Amino acid sequence: MRIKLDRTMCDGFGLCAKHAPEYFPLDDWGYASLAGDGTIPAADHDAVKRALLDCPVHAIIELAEHRSVIEAG
């Protein structure tokens, strides 16, 4: 799972930090930032997905997985 955070949309509700604080630290004004490069290990998918779904302004976006297809012959 890969995500990104659109900080321009963040209104500082802090629900993301409640569900996944290791990925969404809050600054001094209560606005979230994204820790790391947006790659979420399988063990943390549930917490980050809950943060994504609970964000009232939809500032957290799940990026599509790109899969390459090798065509035979």
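Author: A nonpolar core is a set of buried Ala, Val, Leu, Ile, Met, Phe, Trp, Tyr and Cys residues joined through side-chain atoms within 4.5 Å. Buried means under 20% relative accessible area, exposed means over 50%, and partly exposed lies in between, using a 1.4 Å probe and protein chains only. The model is predicted, so local features need pLDDT of at least 70 and side-chain atom pairs count only at pLDDT 80 or more, while totals for chains, interfaces and linings use all residues. Residues are numbered from 1 along each chain as its sequence is written, and side-chain values use heavy atoms, with hydrogens and water left out.

Now the core. The largest one has 17 residues. Ile3, Phe24, Val48 and Ile60 have the most contacts inside it. Two elements give two or more residues each: β1 (2-5) and α2 (45-54). The largest share, three residues, comes from α2. Helices (H or I, at least four residues) and strands (E, at least two) are DSSP runs, numbered from the N terminus.

Look at Phe24. Setting aside residues up to four places away in sequence, Phe24 touches Ile3, Cys16, Ala17, Ala32, Ser33, Leu34, Val48, Ala51 and Ile60. Contact here means heavy atoms within 4.5 Å.

Next, helix α2. Its buried residues are Val48, Ala51 and Leu52. Viewed down the helix axis, they fall within an arc of 100°, so they line one face of α2. That arc is taken from the directions that run from the helix axis to the C-beta atoms. Asp46 and Leu53 sit on the other side of α2, and both are exposed.

Now the cysteines. Cys16 is one of the residues that Phe24 touches. Cys16 is buried, at a relative accessible area of 9%. Cys10 is buried as well, at 13%. The sulfur of Cys10 has its closest cysteine sulfur in Cys16, 6.1 Å away, which is too far for a bond. A disulfide is a pair of cysteine sulfur atoms within 2.5 Å. Cys16 is in no disulfide. A search of the whole structure finds zero.

Step back to the fold. The protein has two helices and two strands. Their order from the N terminus is β-α-α-β. Residues 24 or more positions apart account for 63% of the contacts with a separation of 6 or more. Of the 73 residues, 29% count as buried.

The overall dimensions come next. The radius of gyration, taken over C-alpha atoms, is 14 Å. A compact globule of 73 residues would be near 11 Å, by the rule of 2.2 Å times the number of residues to the power 0.38. Along its principal axes, the C-alpha trace spans about 55 × 25 × 20 Å. The accessible surface comes to about 5100 Å², and 53% of that belongs to carbon and sulfur atoms. Those areas come from the Shrake-Rupley method with a 1.4 Å probe; for residues, only the protein chains shown count as cover.

Some positions beyond the core deserve a look. Asp6 is in the loop between β1 and α1. Asp6 is partly exposed, at 24%. Neighbours within four places aside, Asp6 is in contact with Ala59 and Ile61. Asp6 and Ser33 are 27 residues apart in sequence, yet 8.7 Å apart in space, C-alpha to C-alpha.

Ala35 lies in the loop between α1 and α2. Ala35 is partly exposed, with a relative accessible area of 29%. Its contacts, beyond neighbours within four places in sequence, are Glu22, Tyr23 and Pro25. Ala35 and Pro25 are 10 residues apart in sequence and 7.0 Å apart in space, C-alpha to C-alpha.

Lys18 is in helix α1. Lys18 counts as exposed, at 62%. Lys18 and Thr8 are also 10 residues apart along the chain, but their C-alpha atoms are separated by 20 Å.

Last, His58. This residue is in the loop between α2 and β2. At 54% relative accessibility, His58 is exposed. Its phi is near 55°, a positive value in a residue other than glycine. Most residues other than glycine have a negative phi.
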